[in-house]
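Good morning, and thank you for joining. I shall take you through the structure now on the screen, and I ask that you keep it in view as I speak.

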Amino acid sequence: MTRHHKKKFPAFLWHRRLGLFLVFFIIILASTGIMLNHTETLKLSQQKINNVLVLNFYDIKPQHPPINFRSQHHNISQWDEQIYFDNKKLLSDQQTLRGLINWHNIIIMVLSRDVVLLSNEGDIIDRYTLAQNSEIEHIGIDNDHPIIKMLDQSLWQADDDILNWQPIGKRQLSWSAASPIQQHLKNELLEKYRGEGLPLERIILDIHSGRILGSLGVYFVDAVGVVMLFLSLSGAWMWWQRRVKQRRKRKRQG
Amino acid sequence: MFKRSIILLLLIGFPLSSIAGGEYIKPNDFIQQTFADDSIKAHALWLTPSQQTDIKKILAHDFKKLRIRYWQNKHTSAWILNEVGKEKPITFGVVIKNAEINNIQVLSFRESRGSEIRHDFFTHQFKQAKLNHALQLTQHIDGISGATLSVRAMTKIARIALYLDQQIRNKK
C-alpha cells in the first residue's frame, strides 16, 4: 500500500508554478515599464517604426482602393481622404475625386462639389465650390470648353477664365475616365499615406498595457497583475510560516 | 415626472443644437442676396507675391491659391473665403461696401464646436469695421468662450476680405 504524503505547502507549489509561468511576462512588463519611465531620455516618441508587418498589424492602411486619373504628364490620385499630385500630397478632403482635364496650360480637376484649377507643376491656382444642388459626376471638353456633368444630368459650361459656369443643353462628349494606378506609384502613395510610421512609444505602451493584443490583451495583463499580487502575498506568507517553524525548532532544541 | 422629463430633454437638447454645424446658406444664394442680381458674374484677382505674403501674414500660415474669385458692383464687393477653425474649413461670405464690412456670414460650418459665431449678436460686431495700416480691424471683436478658434478664423477672414477689397480698388 502506497503512502500518500499530505502536501504541507500547497501555497508554495502554486507560488513556484505561477512564478515560473510569469517569468516571461514580468520581464516584459518590467522592461517596458522602465522604458516608459524614461520616454524623454530614450526619445521613444521620436523613433518611428516603418516595418510593414507592424503597420499592417496596426491596420494603418487605406480603407478603400485608390482612384486615379491621368492628365497628359501627371497622375492625380485619391486614397481615402488624401489627394496626391503624382507622389506629392495635394490636399485632404472628404469629397471624391471625379475627374480631370488638361485645358490650355492648366489642369481642371473636379471633386464631388469643388472645381480645382492646378498648374502643371501641381500648384493650386484656384478652388471653389460649384455643385450646390447636386454633385459633380464628370468633366469633359466640348469645342475647347470645359463641361461638367452633374449627377442630376444637368450640363454646365465654363467661360474662358473658368470662373463662371452656365447651364447648357444636352450633348454627347467623352468624359474624363479613371485609369488604373501603376504599381510603383501605388507603393509610393501607400508609403505617403502611412506617413512617418508609428512612434515607438505607442508600441511599447501597447505592449505594457496589453493593448497590442486587443481588449483581451488588456484583461490578460490585468490577470498577470492579479497573479503578481498573489505571488507577493504567498511569498510573504511562506516566509512567515518558515520563520515560525524555525523559531519552534530552536525552542525545541533549546 | 413628465415635466421633469421635458426639462431634462430640453437641457440635453440645447447644447447639442448650439454645437451642431452645417450649411446655412449656399454660396450662390449669398451672392444673389447681396447683389439682388441673378446675372452678376465672378471676377478673379490674381495675387502678386507681395499680396500672397500679406495674406500669409494675416492667416499666420501658408496660403497656396494663386487667384481669388470675387463679385463686385459699384461700391460693393463680395468674397467667399475658407479658413480652418480647429480642423475643418469654415466657409465665410463677406460683403465689403465703401471699404467697410457690410455683412459677414458663416455659409458652412463643419467643425463640431464653435458654430455660435454664425449668430447675429456676434457677426454684428464686424459691421463697419475697416482695416488699419497694420492690417488689423479698426474695431475690437469680443470673443466667445469655447469658440476661440472659430472667432479667430472669422476675424482673419474679415481682415483678408478688407485687404482684398483694397487691392481691387487700388488696381482700378
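**Helix packing, cores and the chain contact**

Let me begin with chain A, where helix α1 (residues 10-37) and helix α5 (residues 200-209) pack with their axes 9 Å apart, at an angle of about 140°. Please bear in mind that this is a predicted model. Since angles over 145 degrees would be needed for roughly antiparallel, α1(A) and α5(A) are therefore oblique to each other. The crossing of α1(A) past α5(A) is left-handed. On the α1(A) side, the residues that meet α5(A) are A:Ile28, A:Leu29, A:Thr32, A:Gly33, A:Met35 and A:Leu36, and their counterparts in α5(A) are A:Ile204, A:Leu205, A:Ile207 and A:His208. Sorted by class, this contact has seven nonpolar and three polar residues, and no charged ones.

I turn to chain B. Its 172 residues include 31% that count as buried. The chain holds five helices and six strands, and from the N terminus these follow the order α-β-α-β-α-β-β-β-β-α-α. If we take the contacts in chain B between residues at least 6 apart in sequence, 60% of them join residues at least 24 apart.

Chain B has a helix pair of its own to show. Here α3(B) and α5(B) pack at an angle of about 160°, and their axes are 9 Å apart. That angle is over 145 degrees, so α3(B) is roughly antiparallel to α5(B). The crossing of α3(B) past α5(B) is right-handed. From α3(B), the residues B:Gln51, B:Asp54, B:Ile55, B:Ile58 and B:Leu59 meet B:Lys156, B:Arg159, B:Ile160, B:Tyr163 and B:Gln167 of α5(B). By class, the contact of α3(B) with α5(B) comprises five nonpolar, two polar and three charged residues.

Which residues have the most contacts inside the largest nonpolar core? They are B:Phe92, B:Val94, B:Ile157, B:Ala158 and B:Ala161, in a core of 35 residues. Two or more residues each come from α3, β3, β4 (76-84), β5 (89-97), β6 (100-109) and α5 (148-171) of chain B. The greatest contribution is that of α5(B), with nine residues. As for B:Phe92, and leaving aside residues up to four places away in sequence, it touches B:Leu81, B:Ile104, B:Gln105, B:Val106, B:Leu107, B:Met154 and B:Ile157. There is also a second, separate core of 26 residues, which includes A:Tyr84, A:Leu100, A:Ile108 and A:Ile148.

One further residue of chain B deserves a moment. B:Phe63 sits in the loop between α3 (49-59) and β3 (67-72). Why does B:Phe63 count as partly exposed? Because B:Phe63 has 19 C-beta neighbours inside 10 Å, whereas a buried residue needs 20 or more. Apart from residues up to four places away in sequence, B:Phe63 touches B:Gln52, B:Ile55 and B:Lys56. From B:Phe63 to B:Leu149 the separation is 86 residues in sequence and 18 Å in space, C-alpha to C-alpha.

Finally, the contact between the chains. Chain B and chain A each supply eleven residues to this contact. On the side of chain B that touches chain A, the elements giving two or more residues are α2 (27-35), β2 (42-46) and β3. The residues on that side divide into six charged, four nonpolar and one polar.

Key. Residues are numbered from 1 along each chain as its sequence is written. Chains are lettered from A and ligands numbered from 1 in the order in which they are written. This is a predicted model: local features need pLDDT of at least 70, side-chain atom pairs count only at pLDDT 80 or more; totals for chains, interfaces and linings use all residues. Helices (H or I, at least four residues) and strands (E, at least two) are DSSP runs, numbered from the N terminus. A residue is buried if 20 or more other C-beta atoms lie within 10 Å of its own, exposed if 12 or fewer, and partly exposed in between; C-beta atoms are placed from the backbone. Two residues are in contact if their C-beta atoms, placed from the backbone, lie within 7 Å. A nonpolar core is a set of buried Ala, Val, Leu, Ile, Met, Phe, Trp, Tyr and Cys residues joined through C-beta atoms within 7 Å. Ala, Val, Leu, Ile, Met, Phe, Trp, Tyr, Cys and Pro count as nonpolar, Asp, Glu, Lys and Arg as charged, and the others, Gly among them, as polar. Axes are lines fitted to C-alpha atoms, for helices over the stretch in contact, and angles run from 0 to 180 degrees between N-to-C directions. Angles under 35 degrees count as roughly parallel, over 145 as roughly antiparallel, 65 to 115 as roughly perpendicular and the rest as oblique. A crossing is left-handed if the near helix is turned anticlockwise from the far one by less than a right angle, and right-handed if clockwise.
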